[in-house]
Amino acid sequence: MNSLVYINSSNHLAKSALEAVTYAKKIGGTITVVATGSVDDATLGTLGEYGAQKVLVDRSVATEDSQQVTRLIAKAAESTGAELIIFSHDLVAKAVAPRLSVRLKAGLVSGAVDVPNASGQVKVNVFSGKAFGFVSVKSAKKIISLLPNSFQPEKTGSACAVEAFDGAAGAALIKVVETKMPEGEIPLPEAELVVSAGRGLKGPENWGIVEDLAKALGAATACSRPVADIGWRPHHEHVGQTGVAIRPNLYIAAGISGAIQHLAGVNGSKVIVVINTDSEAPFFKAADYGVVGDAFEVLPKLTEAVKKFRSTPH
């Protein structure tokens, strides 16, 4: 099977890109990557280490223009004879994959969490992550978007060739006036460790205890929707059904009650730790570990314990 993996490399080569190529490798067959963005050829070539045989790049395409990106991928699919097109399930995929599905008459599976089984069915999350479903695609061409952090990137080869590609994408219809990049060292969708807090922190001036623990762990920081809405934290840190959906290995939530909308965005986490003074908080039902206590006491003690553990030879 010929697979085509789309990579948005606007600013850097994200972990999700490596996951998507690894996913294609696990399915098998020839793997070509089609990329947009400004990342240099040498960096794009490292995708070969994860299974890609070749990278086609068109830097004239505006990633923000879903119509341009759709035309580019359609041309690349035609050029390579791709039967399977793979995206990381991000904002670009949500805008482009449905368009591409119509254009190519290809069945679309959004938010896959595993490779197709022996029957060709693809496992996905359903009901906001409360259950799993299996989707069969009968069309000749297929499109799959992979939920981030579903697969660990695996190096299996060496760097591959990078070629300029003319996607015949046409003129961009969207003009980018300004770009604001999220702050912080670790992009939230890529983070394997996340420390999050809600209104239980009582005010933005108290967020230092969250940031201290995150720094000690090497984690990203996040927040609940009310915290972002009242301006305590930037909106790009809001996780939940209406914010960023994340799947970290560890999610620590302090002072968050655990409304169903918040759970929908974080219940893919491998391990959830909840800290709350209210022992009846709904979040405890979804937690792997729960601490009934005051975040102002618990978080500093956790930070101290993490620092001590990391400073001790093992």
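Colleague: How many aromatic pairs does the count come to?
Modeller: A word on the ground rules: this is a predicted model, where local features need pLDDT of at least 70, side-chain atom pairs count only at pLDDT 80 or more, and totals for chains, interfaces and linings use all residues. Residues are numbered from 1 along each chain as its sequence is written, and side-chain values use heavy atoms, with hydrogens and water left out. Rings of Phe, Tyr and Trp (its six-membered ring) pair if their centres lie within 6.5 Å; planes under 30 degrees apart are stacked, over 60 edge-to-face, and the rest tilted. By this rule, the count comes to four.

Colleague: What kind of aromatic pair do Tyr6 and Phe87 form?
Modeller: Look at both rings together: they are 5.9 Å apart, centre to centre. The angle between the planes is 55°, which makes the pair tilted.

Colleague: How many residues apart in sequence are the parts that this pair ties together?
Modeller: Helices (H or I, at least four residues) and strands (E, at least two) are DSSP runs, numbered from the N terminus. Tyr6 belongs to strand E1 and Phe87 to strand E4. The pair therefore ties together parts whose separation in sequence is 81 residues.

Colleague: Are Tyr6 and Phe87 buried or exposed?
Modeller: Buried means under 20% relative accessible area, exposed over 50%, and partly exposed in between (1.4 Å probe, protein chains only). On that scale, both Tyr6 and Phe87 are buried.

Colleague: How many residues apart in sequence are the parts tied together by Tyr23 and Phe151?
Modeller: Tyr23 lies in helix H1, while Phe151 is in the loop between E8 and strand E9 (161–164). Their pair therefore ties together parts separated in sequence by 128 residues.

Colleague: How many of the 13 residues of H1 are buried?
Modeller: The buried ones include Leu18, Val21 and Tyr23, and Tyr23 has 0% relative accessibility. Contact means heavy atoms within 4.5 Å, and the buried residues of H1 pack against strands including E1 (2–9), E2 (30–37) and E4 (84–88). H1 is largely enclosed by the rest of the structure because the buried residues number ten.

Colleague: Which residue in E13 stands opposite Ala254?
Modeller: Two strands pair if DSSP finds at least two bridges between them. Strand E12 (residues 250–254) is joined to E13 by five bridges, and the two run parallel. E13 (residues 271–276) has five of its six residues buried, so it is largely enclosed by the rest of the structure. Opposite Ala254 stands Ile275.

Colleague: What is the relative accessible area of Ser88?
Modeller: Ser88 has its place in strand E4. Leaving out residues up to four places away in sequence, it touches Ser16, Ala93, Leu146 and Pro148. Ser88 counts as buried, because its relative accessible area is 8%.

Colleague: What phi does Asn149 have?
Modeller: Asn149 is found in the loop between E8 and E9. It is buried, with a relative accessible area of 6%. Although it is not a glycine, its phi is positive, about 65°.

Colleague: What is the relative accessible area of Ala168?
Modeller: Ala168 sits in the loop between E9 and strand E10 (193–197). It is not a glycine, yet its phi is positive, about 45°. Ala168 is partly exposed, with a relative accessible area of 49%.
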